[in-house]
Amino acid sequence: MSVSDMFIALQGVLTADQDVREEIRKVVQALEQTAREILTLLQGVHQGAGFQDIPKKCQKAREHFGTVRTQMESLKTKFPADQYYRFHEHWRFVLQRLVFLAAFVVYLESETLVTRDAVAEILGIEADRERGFHLDIEDYLSGVLTLASELARLAVNSVTAGDYSRPLRISTFINELDSGFRLLNLKNDSLRKRYDGLKYDVKKIEEVVYDLSIRGLNKEAAVGAGGEK
Amino acid sequence: GSGGFRKRKHDNFSHSQRKEEKENVNPSSALMTCFKSFQLELDTRHDKYERLVKLSRDITIESKRTIFLLHRFTSAPNGEEILNESEVKLDAVRRKIKQVAQELIGEDMYQFHRAISPGLQEYVEAVSFQYFIKTRSLISVEEINKQLIFAAEDREETTNTTPNSHDKQPHTWSLKVTPVDYLLGVADLTGELMRLCISSVGNGDIDTPFELSQFLRQIYDGFTFIGNTGPYEVSKKLYTLKQSLAKVENACYTLKVRGSEIPKHMLADVFSTKTEMIDQEEGL
(Lines give C-alpha, C1' and ligand atoms only; values in the text may rest on other atoms or scores of the structure.)
Protein backbone atom coordinates (compact mmCIF):
# COMPACT_ATOMS: atom_id res chain seq x y z
CA MET A 1 0.00 0.00 0.00
CA SER A 2 1.42 3.36 -0.95
CA VAL A 3 1.69 6.22 1.50
CA SER A 4 -1.04 8.20 -0.22
CA ASP A 5 -3.41 5.21 -0.19
CA MET A 6 -2.88 4.86 3.54
CA PHE A 7 -3.69 8.48 4.15
CA ILE A 8 -6.78 8.29 1.94
CA ALA A 9 -8.00 5.36 4.04
CA LEU A 10 -7.27 7.25 7.27
CA GLN A 11 -9.04 10.32 5.99
CA GLY A 12 -12.10 8.16 5.32
CA VAL A 13 -12.04 6.90 8.91
CA LEU A 14 -11.71 10.42 10.28
CA THR A 15 -14.56 11.75 8.14
CA ALA A 16 -16.82 8.90 9.27
CA ASP A 17 -15.88 9.77 12.86
CA GLN A 18 -16.80 13.40 12.29
CA ASP A 19 -20.17 12.42 10.84
CA VAL A 20 -20.95 10.38 13.95
CA ARG A 21 -20.00 13.32 16.16
CA GLU A 22 -22.22 15.62 14.13
CA GLU A 23 -25.19 13.27 14.61
CA ILE A 24 -24.51 13.07 18.34
CA ARG A 25 -24.29 16.83 18.63
CA LYS A 26 -27.73 17.22 17.08
CA VAL A 27 -29.38 14.90 19.61
CA VAL A 28 -27.46 16.44 22.48
CA GLN A 29 -28.75 19.86 21.46
CA ALA A 30 -32.31 18.57 21.66
CA LEU A 31 -31.55 17.07 25.08
CA GLU A 32 -30.15 20.38 26.28
CA GLN A 33 -33.35 22.07 25.15
CA THR A 34 -35.49 19.63 27.15
CA ALA A 35 -33.20 20.02 30.16
CA ARG A 36 -33.63 23.78 30.03
CA GLU A 37 -37.41 23.41 29.92
CA ILE A 38 -37.38 21.16 32.99
CA LEU A 39 -35.08 23.56 34.81
CA THR A 40 -37.36 26.51 34.05
CA LEU A 41 -40.28 24.51 35.36
CA LEU A 42 -38.53 23.58 38.60
CA GLN A 43 -37.13 27.06 39.19
CA GLY A 44 -40.71 27.99 40.07
CA VAL A 45 -40.29 26.45 43.52
CA HIS A 46 -38.05 29.31 44.60
CA GLN A 47 -40.89 31.79 44.29
CA GLY A 48 -43.19 32.36 47.20
CA ALA A 49 -46.28 30.85 45.60
CA GLY A 50 -44.25 27.97 44.18
CA PHE A 51 -44.01 26.20 47.50
CA GLN A 52 -47.65 25.30 47.41
CA ASP A 53 -47.71 23.38 44.19
CA ILE A 54 -44.43 21.50 44.34
CA PRO A 55 -46.12 18.15 43.64
CA LYS A 56 -47.76 19.54 40.52
CA LYS A 57 -44.45 20.90 39.26
CA CYS A 58 -42.75 17.58 39.91
CA GLN A 59 -45.41 15.77 38.01
CA LYS A 60 -45.02 18.09 35.04
CA ALA A 61 -41.26 17.64 35.18
CA ARG A 62 -41.70 13.88 35.15
CA GLU A 63 -43.73 14.20 31.98
CA HIS A 64 -40.82 16.05 30.39
CA PHE A 65 -38.53 13.20 31.36
CA GLY A 66 -40.57 11.11 28.93
CA THR A 67 -39.18 13.32 26.15
CA VAL A 68 -35.71 12.83 27.60
CA ARG A 69 -36.15 9.06 27.39
CA THR A 70 -37.10 9.14 23.71
CA GLN A 71 -34.18 11.47 22.98
CA MET A 72 -31.85 9.13 24.85
CA GLU A 73 -33.15 6.24 22.75
CA SER A 74 -32.25 8.17 19.63
CA LEU A 75 -28.81 9.05 21.03
CA LYS A 76 -28.07 5.37 21.59
CA THR A 77 -28.55 4.64 17.90
CA LYS A 78 -26.01 7.19 16.78
CA PHE A 79 -22.84 5.28 17.64
CA PRO A 80 -21.67 1.72 18.39
CA ALA A 81 -22.62 0.70 21.91
CA ASP A 82 -19.09 -0.31 22.89
CA GLN A 83 -17.65 3.12 22.08
CA TYR A 84 -19.39 5.05 24.84
CA TYR A 85 -16.26 6.69 26.20
CA ARG A 86 -15.05 7.66 22.77
CA PHE A 87 -17.85 10.21 22.49
CA HIS A 88 -18.48 10.69 26.19
CA GLU A 89 -17.44 14.36 26.19
CA HIS A 90 -20.33 15.26 23.89
CA TRP A 91 -23.09 14.38 26.35
CA ARG A 92 -21.23 14.59 29.63
CA PHE A 93 -22.47 18.07 30.46
CA VAL A 94 -26.10 17.52 29.57
CA LEU A 95 -26.16 14.16 31.36
CA GLN A 96 -24.90 15.77 34.56
CA ARG A 97 -27.54 18.45 34.20
CA LEU A 98 -30.24 15.82 33.74
CA VAL A 99 -29.01 13.88 36.78
CA PHE A 100 -29.32 17.06 38.80
CA LEU A 101 -32.85 17.68 37.53
CA ALA A 102 -33.94 14.12 38.26
CA ALA A 103 -32.35 14.28 41.71
CA PHE A 104 -34.10 17.59 42.37
CA VAL A 105 -37.49 16.19 41.42
CA VAL A 106 -36.95 13.14 43.60
CA TYR A 107 -35.80 15.32 46.49
CA LEU A 108 -38.82 17.60 46.23
CA GLU A 109 -41.11 14.59 46.15
CA SER A 110 -39.63 12.43 48.87
CA GLU A 111 -36.72 14.39 50.39
CA THR A 112 -34.32 11.55 49.70
CA LEU A 113 -31.27 11.22 47.54
CA VAL A 114 -32.04 9.56 44.26
CA THR A 115 -30.07 6.37 43.75
CA ARG A 116 -27.95 5.80 40.71
CA ASP A 117 -30.30 3.08 39.48
CA ALA A 118 -33.32 5.33 39.92
CA VAL A 119 -31.73 8.15 37.91
CA ALA A 120 -30.80 5.73 35.16
CA GLU A 121 -34.39 4.57 35.09
CA ILE A 122 -35.80 8.09 34.95
CA LEU A 123 -33.48 8.93 32.06
CA GLY A 124 -34.12 5.65 30.26
CA ILE A 125 -30.52 4.45 30.43
CA GLU A 126 -28.60 1.72 32.24
CA ALA A 127 -26.73 1.91 35.52
CA ASP A 128 -24.14 -0.67 34.47
CA ARG A 129 -21.62 -0.32 31.71
CA GLU A 130 -22.13 -3.93 30.64
CA ARG A 131 -25.73 -3.41 29.67
CA GLY A 132 -25.36 -0.54 27.20
CA PHE A 133 -25.60 3.23 27.35
CA HIS A 134 -25.01 3.89 31.02
CA LEU A 135 -24.66 6.59 33.61
CA ASP A 136 -21.03 7.13 34.53
CA ILE A 137 -20.49 7.31 38.29
CA GLU A 138 -18.62 10.61 38.08
CA ASP A 139 -21.47 12.18 36.12
CA TYR A 140 -23.92 10.95 38.73
CA LEU A 141 -21.86 12.44 41.56
CA SER A 142 -21.47 15.74 39.70
CA GLY A 143 -25.20 15.97 39.27
CA VAL A 144 -25.70 15.31 42.98
CA LEU A 145 -23.27 18.12 43.84
CA THR A 146 -25.29 20.51 41.70
CA LEU A 147 -28.33 19.46 43.71
CA ALA A 148 -26.51 20.51 46.90
CA SER A 149 -26.06 24.09 45.74
CA GLU A 150 -29.64 24.22 44.52
CA LEU A 151 -30.84 23.10 47.96
CA ALA A 152 -28.73 25.78 49.64
CA ARG A 153 -30.62 28.29 47.57
CA LEU A 154 -33.91 26.59 48.34
CA ALA A 155 -33.20 26.81 52.07
CA VAL A 156 -32.80 30.57 51.85
CA ASN A 157 -35.89 31.04 49.73
CA SER A 158 -38.07 28.80 51.83
CA VAL A 159 -37.33 31.01 54.85
CA THR A 160 -38.36 34.03 52.81
CA ALA A 161 -41.55 32.23 51.90
CA GLY A 162 -42.23 31.54 55.57
CA ASP A 163 -41.47 27.82 55.52
CA TYR A 164 -39.17 27.48 58.54
CA SER A 165 -39.09 23.72 58.76
CA ARG A 166 -37.63 23.01 55.32
CA PRO A 167 -34.15 24.43 56.02
CA LEU A 168 -33.78 22.05 58.96
CA ARG A 169 -34.63 19.07 56.81
CA ILE A 170 -32.32 20.28 54.05
CA SER A 171 -29.59 20.69 56.64
CA THR A 172 -29.75 17.07 57.77
CA PHE A 173 -29.86 15.93 54.17
CA ILE A 174 -26.86 18.00 53.11
CA ASN A 175 -24.90 16.90 56.17
CA GLU A 176 -25.45 13.30 55.28
CA LEU A 177 -24.45 14.00 51.71
CA ASP A 178 -21.32 15.74 52.95
CA SER A 179 -20.33 12.74 55.04
CA GLY A 180 -20.99 10.55 52.02
CA PHE A 181 -18.64 12.55 49.84
CA ARG A 182 -16.03 12.51 52.59
CA LEU A 183 -15.78 8.76 52.07
CA LEU A 184 -14.58 9.23 48.51
CA ASN A 185 -10.94 9.52 47.55
CA LEU A 186 -11.23 11.97 44.72
CA LYS A 187 -8.54 12.66 42.19
CA ASN A 188 -7.59 16.19 41.31
CA ASP A 189 -10.13 16.47 38.53
CA SER A 190 -13.32 18.34 37.74
CA LEU A 191 -15.36 16.26 40.19
CA ARG A 192 -12.96 17.14 42.99
CA LYS A 193 -13.25 20.81 42.08
CA ARG A 194 -17.01 20.64 42.33
CA TYR A 195 -16.81 18.71 45.57
CA ASP A 196 -14.70 21.53 47.00
CA GLY A 197 -17.74 23.76 46.51
CA LEU A 198 -19.93 21.52 48.68
CA LYS A 199 -18.57 22.94 51.92
CA TYR A 200 -19.84 26.40 50.99
CA ASP A 201 -23.32 24.97 50.45
CA VAL A 202 -23.11 23.21 53.81
CA LYS A 203 -21.96 26.46 55.40
CA LYS A 204 -24.74 28.46 53.80
CA ILE A 205 -27.42 26.07 55.05
CA GLU A 206 -25.93 25.97 58.54
CA GLU A 207 -26.11 29.74 58.63
CA VAL A 208 -29.78 29.63 57.72
CA VAL A 209 -30.43 27.05 60.47
CA TYR A 210 -28.45 29.20 62.89
CA ASP A 211 -30.49 32.29 62.06
CA LEU A 212 -33.69 30.34 62.65
CA SER A 213 -32.38 28.82 65.89
CA ILE A 214 -31.40 32.04 67.63
CA ARG A 215 -34.81 33.47 66.88
CA GLY A 216 -36.58 30.37 68.13
CA LEU A 217 -38.13 29.91 64.71
CA ASN A 218 -37.02 26.31 64.45
CA LYS A 219 -39.20 25.35 67.44
CA GLU A 220 -42.12 27.06 65.85
CA ALA A 221 -41.38 25.14 62.69
CA ALA A 222 -41.24 21.84 64.55
CA VAL A 223 -44.63 22.53 66.13
CA GLY A 224 -45.99 23.66 62.76
CA ALA A 225 -44.68 20.58 61.00
CA GLY A 226 -46.16 18.36 63.70
CA GLY A 227 -49.50 20.08 63.28
CA GLU A 228 -49.49 19.52 59.53
CA LYS A 229 -48.92 15.83 59.92
CA GLY B 1 -10.78 24.33 58.95
CA SER B 2 -14.40 23.45 58.24
CA GLY B 3 -14.45 20.82 60.97
CA GLY B 4 -13.68 23.39 63.62
CA PHE B 5 -16.23 25.68 62.12
CA ARG B 6 -18.91 23.05 62.30
CA LYS B 7 -18.14 22.23 65.92
CA ARG B 8 -18.58 25.86 66.84
CA LYS B 9 -21.90 26.09 65.05
CA HIS B 10 -23.19 22.94 66.63
CA ASP B 11 -22.91 24.48 70.06
CA ASN B 12 -25.75 26.74 69.05
CA PHE B 13 -28.08 23.85 68.50
CA SER B 14 -30.23 22.54 71.23
CA HIS B 15 -29.14 19.22 72.65
CA SER B 16 -31.83 17.21 70.89
CA GLN B 17 -31.02 18.81 67.57
CA ARG B 18 -27.40 17.77 67.84
CA LYS B 19 -28.33 14.25 68.78
CA GLU B 20 -30.72 13.99 65.89
CA GLU B 21 -28.06 15.06 63.46
CA LYS B 22 -25.62 12.51 64.74
CA GLU B 23 -28.22 9.82 64.30
CA ASN B 24 -28.97 10.87 60.77
CA VAL B 25 -25.40 10.56 59.63
CA ASN B 26 -25.13 7.06 60.89
CA PRO B 27 -22.61 4.98 59.01
CA SER B 28 -25.04 2.28 57.98
CA SER B 29 -27.72 4.45 56.40
CA ALA B 30 -28.73 3.72 52.81
CA LEU B 31 -26.93 6.80 51.56
CA MET B 32 -23.70 5.95 53.35
CA THR B 33 -23.79 2.37 52.07
CA CYS B 34 -24.22 3.77 48.57
CA PHE B 35 -21.25 6.07 48.94
CA LYS B 36 -19.13 3.26 50.31
CA SER B 37 -19.73 1.32 47.11
CA PHE B 38 -18.93 4.48 45.12
CA GLN B 39 -15.67 4.76 47.01
CA LEU B 40 -14.79 1.23 46.00
CA GLU B 41 -15.76 1.81 42.40
CA LEU B 42 -13.84 5.07 42.06
CA ASP B 43 -10.75 3.66 43.79
CA THR B 44 -10.73 0.64 41.50
CA ARG B 45 -11.02 2.88 38.49
CA HIS B 46 -8.28 5.27 39.64
CA ASP B 47 -5.95 2.38 40.50
CA LYS B 48 -6.36 0.92 37.06
CA TYR B 49 -5.75 4.31 35.52
CA GLU B 50 -2.54 4.74 37.51
CA ARG B 51 -1.29 1.29 36.55
CA LEU B 52 -1.92 2.13 32.91
CA VAL B 53 -0.12 5.47 33.21
CA LYS B 54 2.88 3.67 34.63
CA LEU B 55 2.84 1.10 31.85
CA SER B 56 2.49 3.89 29.31
CA ARG B 57 5.55 5.64 30.73
CA ASP B 58 7.58 2.43 30.58
CA ILE B 59 6.49 1.95 26.98
CA THR B 60 7.52 5.53 26.17
CA ILE B 61 10.96 5.16 27.74
CA GLU B 62 11.72 1.85 26.08
CA SER B 63 10.49 3.10 22.70
CA LYS B 64 12.68 6.21 22.98
CA ARG B 65 15.69 4.01 23.72
CA THR B 66 14.90 1.91 20.68
CA ILE B 67 14.84 5.05 18.55
CA PHE B 68 18.21 6.16 19.90
CA LEU B 69 19.57 2.74 19.17
CA LEU B 70 18.27 2.89 15.61
CA HIS B 71 19.95 6.25 15.07
CA ARG B 72 23.24 4.46 15.63
CA PHE B 73 22.37 2.18 12.73
CA THR B 74 23.65 4.46 9.97
CA SER B 75 26.90 5.29 11.69
CA ALA B 76 27.76 1.79 12.84
CA PRO B 77 29.13 -0.90 10.55
CA ASN B 78 27.28 -3.68 12.40
CA GLY B 79 23.84 -2.78 11.05
CA GLU B 80 22.37 -6.25 11.27
CA GLU B 81 23.25 -6.50 14.94
CA ILE B 82 21.56 -3.19 15.76
CA LEU B 83 18.42 -4.19 13.91
CA ASN B 84 18.28 -7.44 15.86
CA GLU B 85 18.84 -5.60 19.09
CA SER B 86 16.03 -3.16 18.26
CA GLU B 87 13.76 -6.10 17.55
CA VAL B 88 14.50 -7.51 21.01
CA LYS B 89 13.77 -4.13 22.57
CA LEU B 90 10.51 -3.78 20.67
CA ASP B 91 9.50 -7.24 21.81
CA ALA B 92 9.97 -6.07 25.37
CA VAL B 93 7.79 -3.06 24.61
CA ARG B 94 5.13 -5.34 23.16
CA ARG B 95 5.17 -7.39 26.34
CA LYS B 96 4.30 -4.18 28.20
CA ILE B 97 1.55 -3.47 25.70
CA LYS B 98 0.27 -6.96 26.37
CA GLN B 99 -0.06 -6.01 30.02
CA VAL B 100 -2.00 -2.94 28.94
CA ALA B 101 -4.28 -5.14 26.85
CA GLN B 102 -4.80 -7.41 29.85
CA GLU B 103 -5.76 -4.45 32.02
CA LEU B 104 -8.28 -3.43 29.42
CA ILE B 105 -10.04 -6.80 29.07
CA GLY B 106 -13.74 -6.14 29.41
CA GLU B 107 -13.21 -2.40 29.65
CA ASP B 108 -14.00 0.37 27.24
CA MET B 109 -10.59 1.20 25.83
CA TYR B 110 -11.48 4.84 25.31
CA GLN B 111 -12.22 5.30 28.99
CA PHE B 112 -8.50 4.88 29.71
CA HIS B 113 -7.24 6.17 26.42
CA ARG B 114 -5.70 9.30 27.92
CA ALA B 115 -3.53 7.14 30.15
CA ILE B 116 -2.03 5.00 27.41
CA SER B 117 -2.09 7.30 24.39
CA PRO B 118 1.42 8.83 24.88
CA GLY B 119 3.00 5.40 25.17
CA LEU B 120 1.23 4.06 22.11
CA GLN B 121 2.28 7.07 20.04
CA GLU B 122 5.89 6.58 21.03
CA TYR B 123 5.62 2.90 20.18
CA VAL B 124 4.22 3.75 16.73
CA GLU B 125 7.14 6.10 16.25
CA ALA B 126 9.70 3.44 17.19
CA VAL B 127 8.13 0.63 15.22
CA SER B 128 7.62 2.72 12.10
CA PHE B 129 11.21 4.01 12.32
CA GLN B 130 12.51 0.47 12.42
CA TYR B 131 10.21 -0.49 9.57
CA PHE B 132 11.47 2.42 7.50
CA ILE B 133 15.11 1.50 8.03
CA LYS B 134 14.35 -2.08 7.02
CA THR B 135 12.05 -1.51 4.06
CA ARG B 136 12.25 2.21 3.21
CA SER B 137 8.46 2.44 3.36
CA LEU B 138 5.74 3.44 5.77
CA ILE B 139 4.23 0.82 8.06
CA SER B 140 0.43 0.76 7.94
CA VAL B 141 -1.81 0.93 10.99
CA GLU B 142 -3.08 -2.57 10.19
CA GLU B 143 0.46 -3.91 10.18
CA ILE B 144 1.08 -2.38 13.62
CA ASN B 145 -2.14 -3.77 15.03
CA LYS B 146 -1.32 -7.22 13.68
CA GLN B 147 1.69 -7.32 15.98
CA LEU B 148 -0.43 -6.36 18.95
CA ILE B 149 -2.50 -9.51 19.10
CA PHE B 150 -1.36 -11.55 22.03
CA ALA B 151 -1.98 -15.16 22.87
CA ALA B 152 -2.27 -16.27 26.45
CA GLU B 153 0.60 -18.28 27.76
CA ASP B 154 -0.56 -21.78 28.44
CA ARG B 155 -1.62 -21.96 32.01
CA GLU B 156 -3.13 -24.76 33.96
CA GLU B 157 -6.55 -23.20 33.75
CA THR B 158 -6.59 -23.37 29.98
CA THR B 159 -5.54 -27.00 29.89
CA ASN B 160 -8.21 -27.91 32.39
CA THR B 161 -11.01 -26.62 30.22
CA THR B 162 -12.54 -28.99 27.75
CA PRO B 163 -11.20 -28.75 24.22
CA ASN B 164 -14.61 -27.72 23.01
CA SER B 165 -14.88 -24.57 25.07
CA HIS B 166 -11.23 -23.92 24.38
CA ASP B 167 -11.98 -23.67 20.69
CA LYS B 168 -14.87 -21.38 21.22
CA GLN B 169 -12.87 -18.92 23.26
CA PRO B 170 -9.46 -18.38 21.79
CA HIS B 171 -7.34 -16.86 24.53
CA THR B 172 -6.06 -13.88 22.70
CA TRP B 173 -6.18 -10.22 23.51
CA SER B 174 -5.53 -7.44 21.16
CA LEU B 175 -4.94 -3.77 21.48
CA LYS B 176 -5.75 -1.55 18.59
CA VAL B 177 -3.80 1.59 17.94
CA THR B 178 -6.37 4.23 17.03
CA PRO B 179 -6.00 6.06 13.72
CA VAL B 180 -5.29 9.29 15.59
CA ASP B 181 -2.55 7.71 17.72
CA TYR B 182 -1.09 6.29 14.55
CA LEU B 183 -1.11 9.67 12.82
CA LEU B 184 0.50 11.40 15.76
CA GLY B 185 3.16 8.69 15.95
CA VAL B 186 3.89 9.03 12.25
CA ALA B 187 4.14 12.80 12.61
CA ASP B 188 6.78 12.24 15.32
CA LEU B 189 8.52 9.79 13.02
CA THR B 190 9.18 12.58 10.53
CA GLY B 191 11.23 14.38 13.17
CA GLU B 192 13.37 11.28 13.58
CA LEU B 193 13.75 10.99 9.82
CA MET B 194 14.92 14.58 9.66
CA ARG B 195 17.59 13.79 12.25
CA LEU B 196 18.52 10.70 10.30
CA CYS B 197 18.87 12.81 7.17
CA ILE B 198 21.20 15.36 8.74
CA SER B 199 23.32 12.76 10.44
CA SER B 200 23.62 10.64 7.30
CA VAL B 201 25.01 13.67 5.48
CA GLY B 202 27.51 13.91 8.28
CA ASN B 203 28.54 10.36 7.48
CA GLY B 204 29.11 11.26 3.86
CA ASP B 205 26.00 9.42 2.69
CA ILE B 206 24.73 11.39 -0.28
CA ASP B 207 21.82 9.18 -1.36
CA THR B 208 19.83 8.84 1.85
CA PRO B 209 18.90 12.55 2.11
CA PHE B 210 17.25 12.48 -1.29
CA GLU B 211 15.43 9.29 -0.50
CA LEU B 212 14.28 10.78 2.80
CA SER B 213 13.12 14.04 1.31
CA GLN B 214 10.95 12.13 -1.13
CA PHE B 215 9.49 9.97 1.64
CA LEU B 216 8.85 12.95 3.90
CA ARG B 217 7.17 14.79 1.06
CA GLN B 218 4.78 11.85 0.63
CA ILE B 219 3.91 11.92 4.32
CA TYR B 220 3.52 15.67 4.25
CA ASP B 221 1.16 15.39 1.27
CA GLY B 222 -0.80 12.78 3.20
CA PHE B 223 -1.14 15.06 6.20
CA THR B 224 -2.22 18.01 4.08
CA PHE B 225 -4.82 15.73 2.51
CA ILE B 226 -6.21 15.02 5.97
CA GLY B 227 -5.93 18.71 6.86
CA ASN B 228 -8.35 19.68 9.57
CA THR B 229 -10.52 16.57 9.29
CA GLY B 230 -8.53 15.11 12.15
CA PRO B 231 -8.47 16.35 15.69
CA TYR B 232 -6.63 19.44 16.84
CA GLU B 233 -3.43 17.61 17.84
CA VAL B 234 -2.94 16.40 14.29
CA SER B 235 -3.15 19.90 12.83
CA LYS B 236 -0.71 21.08 15.47
CA LYS B 237 1.87 18.52 14.40
CA LEU B 238 1.49 19.63 10.81
CA TYR B 239 3.45 22.79 11.56
CA THR B 240 6.44 20.90 13.00
CA LEU B 241 6.23 18.49 10.11
CA LYS B 242 6.53 21.35 7.67
CA GLN B 243 9.66 22.57 9.43
CA SER B 244 11.24 19.10 9.35
CA LEU B 245 10.47 18.81 5.67
CA ALA B 246 11.98 22.25 5.00
CA LYS B 247 15.19 21.24 6.78
CA VAL B 248 15.50 18.07 4.73
CA GLU B 249 14.68 19.86 1.49
CA ASN B 250 17.26 22.54 2.24
CA ALA B 251 19.82 19.85 2.95
CA CYS B 252 19.12 18.26 -0.41
CA TYR B 253 19.33 21.63 -2.07
CA THR B 254 22.72 22.33 -0.55
CA LEU B 255 23.94 18.91 -1.54
CA LYS B 256 22.82 19.42 -5.10
CA VAL B 257 24.28 22.90 -5.49
CA ARG B 258 27.52 22.55 -3.64
CA GLY B 259 27.94 18.83 -3.25
CA SER B 260 30.28 18.65 -6.19
CA GLU B 261 32.42 21.53 -4.94
CA ILE B 262 32.89 20.56 -1.33
CA PRO B 263 35.22 17.73 -0.40
CA LYS B 264 33.30 14.96 1.32
CA HIS B 265 35.07 15.29 4.65
CA MET B 266 33.83 18.86 4.99
CA LEU B 267 30.16 18.13 4.35
CA ALA B 268 29.44 17.68 8.01
CA ASP B 269 30.69 21.18 8.79
CA VAL B 270 28.53 22.70 6.09
CA PHE B 271 25.44 21.11 7.53
CA SER B 272 26.16 21.81 11.12
CA THR B 273 26.26 25.53 10.35
CA LYS B 274 23.16 25.17 8.20
CA THR B 275 21.11 23.54 10.93
CA GLU B 276 22.31 26.09 13.45
CA MET B 277 20.96 28.80 11.21
CA ILE B 278 17.59 27.11 11.02
CA ASP B 279 17.48 26.69 14.78
CA GLN B 280 18.18 30.38 15.21
CA GLU B 281 15.36 31.26 12.88
CA GLU B 282 13.01 29.15 14.95
CA GLY B 283 14.04 30.97 18.08
CA LEU B 284 12.91 34.26 16.65
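Me: Before we start, what makes two residues count as a contact here?

Reply: Contact means that heavy atoms lie within 4.5 Å. Keep in mind that this is a predicted model.

Me: Good. Which residues does B:Glu125 touch, leaving out those up to four places away in sequence?

Reply: By that cut-off, B:Glu125 touches B:Ile67, B:Gly185, B:Asp188, B:Leu189 and B:Glu192. B:Glu125 itself sits in helix α5 of chain B.

Me: Why is B:Glu125 called buried?

Reply: Buried means under 20% relative accessible area. B:Glu125 has 3% relative accessibility, so B:Glu125 counts as buried.

Me: And what makes B:Glu192 buried?

Reply: The cut-off is again under 20%; B:Glu192 has a relative accessible area of 12%, so B:Glu192 is buried. B:Glu192 belongs to helix α9 of chain B, and its contacts beyond four places in sequence are B:Ile67, B:His71, B:Glu125 and B:Phe129.

Me: Which residues does the UniProt annotation "binding site" cover?

Reply: According to the unreviewed UniProt entry, the "binding site" annotation covers B:Glu125 and B:Glu192. They span 68 residues in sequence, yet no two of their C-alpha atoms are more than 8.5 Å apart, so they gather at one spot.

Me: Now to another helix. How do you know that the span of α10 of chain B agrees with what a helix should give?

Reply: Helix α10 of chain B has 20 residues (207-226), which at 1.5 Å a residue should span 28 Å; the end C-alpha atoms are 30 Å apart, so the two agree.

Me: What do the buried residues of α10(B) pack against?

Reply: Those buried residues, including B:Leu212, B:Phe215 and B:Ile219, pack against α1 of chain A together with α5, α9 and α11 of chain B.

Note on methods:
Residues numbered from 1 in each chain as written. Chains lettered and ligands numbered in written order. Predicted model: local features only at pLDDT ≥ 70, side-chain atom pairs only at ≥ 80, totals over all residues. Heavy atoms only, no water. Helix = DSSP H or I, 4+ residues; strand = E, 2+ residues; numbered from the N terminus. Expected span 1.5 Å × (residues − 1). Buried < 20%, exposed > 50% of the residue type's maximum accessible area, 1.4 Å probe, protein only. UniProt positions renumbered as here; feature names shortened; annotations may be inferred.
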